[in-house]
Amino acid sequence: MAIARSFRDLNVYREARETAQKIFELSREFPVEERYSLTDQIRRSSRAVKAMIAEAWGQRYKAVFVNKLDEALGEATETESWLDDARDAQYLSTEDFDALDSKYISIGQMLSRMIDRADDFCKHPPATDYRAIPRGEEMESTCEQSSSIEEFFA
């Protein structure tokens with residue numbers, strides 16, 4: 001089974017991307033006076049989640065990987081806070097809020113599991129230059145644990 005060719009193969013990245021797009025679409029309806037506060041902030045934090053996941057994937061030295069995933073987790077939590085504000089101001093329906101909040105809870109759980117299992121994603125020694133490793137070799141080393149980390153990939 002071929003897994004781990006790209007950050008785009010990660011379920012958590014796909015969920016974060018989809019959810020950020022949903023926030024973008026819903027925030028188009030926020031009042032114009034929120035443009036430079038709530039609208040910009042919720043869009044920025046929701047997009048930062050997926051960007052941090054991509055950055056973690058590109059730098060799979062364990063300390064950096066964990067740090068970037070932890071930053072993604074922080075951005076997801078920040079997004080939940082902005083969702084609270086949008087709900088409190090009645091810019092989001094209860095249904096939309098519940099769906100988005102549930103997604104961010106799930107994203108946070110996936111990120112936490114990835115942090116806890118960082119060794120499964122960071123197979124090479126700290127001095128490894130991942131850009132120099134042919135993709136096939138990287139896939140082989142990552143696929144060694146495919147049965148135990150399969151949940152993370154689409």
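Modeller: A contact here means heavy atoms within 4.5 Å. This is a predicted model, with residues numbered from 1 along each chain; local features need pLDDT of at least 70 and side-chain atom pairs 80 or more, while totals for chains, interfaces and linings use all residues. Side-chain values use heavy atoms, leaving out hydrogens and water.

Colleague: Which residues of α4 does α3 meet?

Modeller: Helices are DSSP runs (H or I, at least four residues) numbered from the N terminus. From α3 come Phe 65, Leu 69, Leu 73 and Ala 76, among others. Their partners in α4 include Phe 97, Leu 100, Tyr 104, Ile 105 and Leu 111.

Colleague: How are α3 and α4 oriented to each other?

Modeller: Their axes (lines fitted to C-alpha atoms over the stretch in contact) lie 10 Å apart. The angle between N-to-C directions, on a scale from 0 to 180 degrees, is about 165°. With over 145 degrees as the cut-off, α3 and α4 are therefore roughly antiparallel.

Colleague: At what angle do α1 and α2 pack?

Modeller: Val 12, Tyr 13 and Phe 24 of α1 are among the contacting residues, as are Ile 42, Val 49 and Ile 53 of α2. The axes of α1 and α2 are 9 Å apart, and the angle is about 165°.

How values were computed: Helix = DSSP H or I, 4+ residues; strand = E, 2+ residues; numbered from the N terminus. Parallel < 35°, antiparallel > 145°, perpendicular 65-115°, else oblique.
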